[in-house]
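Hi,

Here is the structure we talked about. Please open it alongside this note.

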Amino acid sequence: MLESHPEQLVHAFLMGSKQSRSGQRRLELLNKIASLGSLSAAAKACGLSYKGAWQAIEAMNLAAEKPLVTAQKGGSGGGGMVLTPAGQALLSAYQLFNEQMQHWMRDLENLSPGVLSQLEIMRKVSMKTSARNLFHGSVIKITKGPVNCEVVLVIGEHREIVAQITPDSAERLGLEIGSDAFALIKASWVILSEDIQGKFKTSARNMFCGEVLAIETGAVNSDVTFDIGGGQKMSAVVTNQSIDNLELVEGKRCCALVKASHVLLAIAD
């Protein structure tokens with residue numbers, strides 16, 4: 001994934017929460033508005049819906065605290081949209097940043113070959129979240145519906161996570177096939193069971209089975225950590241009574257069931 005878009009990792013590393021793949025698309029929207037003079041044409045060129053483009057403009061205006069785009073009335077085409085001075089200044093800064101970043105990346109790689117390959121790791125270790133379970137992956141499938149979208153992430157060899165989000169959320173995150181994304185699952189949303197793999201079916205879209213590595217027992221609940229393979233672990237918080245019912249101990253196998261609607265998606269924004 002790094003080889004396909006190292007510049008996006010540089011953006012994310014240098015600008016943190018202010019830049020991402022979706023953030024670049026917003027700024028590219030300004031670029032297309034400047035060259036095409038139309039929001040609908042700019043949205044199409046950027047792969048956004050007209051509604052999504054409007055939402056992006058509103059979000060940028062709010063963040064910039066000054067209008068970046070203004071409607072232009074009249075003319076043979078019946079009017080259109082142009083950048084305000086604030087929008088043009090932002091676009092110029094973005095274009096200069098991109099130009100200088102390309103020079104910097106080439107110089108950096110010449111100074112220390114392979115250094116850009118470390119950016120992916122830097123991004124992962126710098127991300128903070130309250131969710132105990134965090135998995136990084138790539139979007140391999142998006143099934144769109146009128147109410148919900150089903151997004152499938154591959155998080156390792158032969159391992160997938162299915163998430164169910166709204167179409168607005170998918171558009172706001174800028175998700176598409178090949179997008180990098182993080183799947184977050186709260187430990188309290190994980191349902192544990194005995195090792196049921198292959199025994200019977202369940203309505204939960206996500207099932208992870210593995211060996212219990214540790215059990216930390218509290219007054220009411222226990223924190224269970226288990227190996228799900230591929231060097232990845234998962235945590236679940238369940239009641240002590242559930243631990244007794246399942247007869248869970250370190251070294252025993254169990255399965256985690258997670259509803260698709262309980263998987264949160266995030267991008268390095």
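Below are notes on the cysteines and on one helix.

This is a predicted model, in which local features need pLDDT of at least 70, side-chain atom pairs count only at pLDDT 80 or more, and totals for chains, interfaces and linings use all residues. Residues are numbered from 1 along each chain as its sequence is written, and side-chain values use heavy atoms, with hydrogens and water left out.

Cysteines

A search of the whole structure finds 1 disulfide (a pair of cysteine sulfur atoms within 2.5 Å). The partners are Cys-209 and Cys-255, with sulfur atoms 1.9 Å apart. They link distant parts of the chain, 46 residues apart: Cys-209 sits in strand 8 (residues 206-217) and Cys-255 in strand 11 (residues 253-258). Helices (H or I, at least four residues) and strands (E, at least two) are DSSP runs, numbered from the N terminus. The link is right-handed, with 100 degrees about the S-S bond.

Both Cys-209 and Cys-255 are buried. Buried means under 20% relative accessible area, exposed over 50%, and partly exposed in between (1.4 Å probe, protein chains only). Cys-46 is buried at 12% relative accessible area. Cys-149 is buried at 2%.

Helix 4

Helix 4 covers residues 50-64. Its buried residues are Gly-52, Ala-53, Ala-56, Ile-57 and Met-60. Seen down the axis, they fall within an arc of 140 degrees, so they line one face of helix 4. The arc is that of the directions from the helix axis to the C-beta atoms. Exposed Glu-58 and Leu-62 are on the face turned away from the buried side. Just after helix 4, Glu-65 takes a positive phi of about 65 degrees.

Best wishes

Note on methods. Expected span 1.5 Å × (residues − 1).
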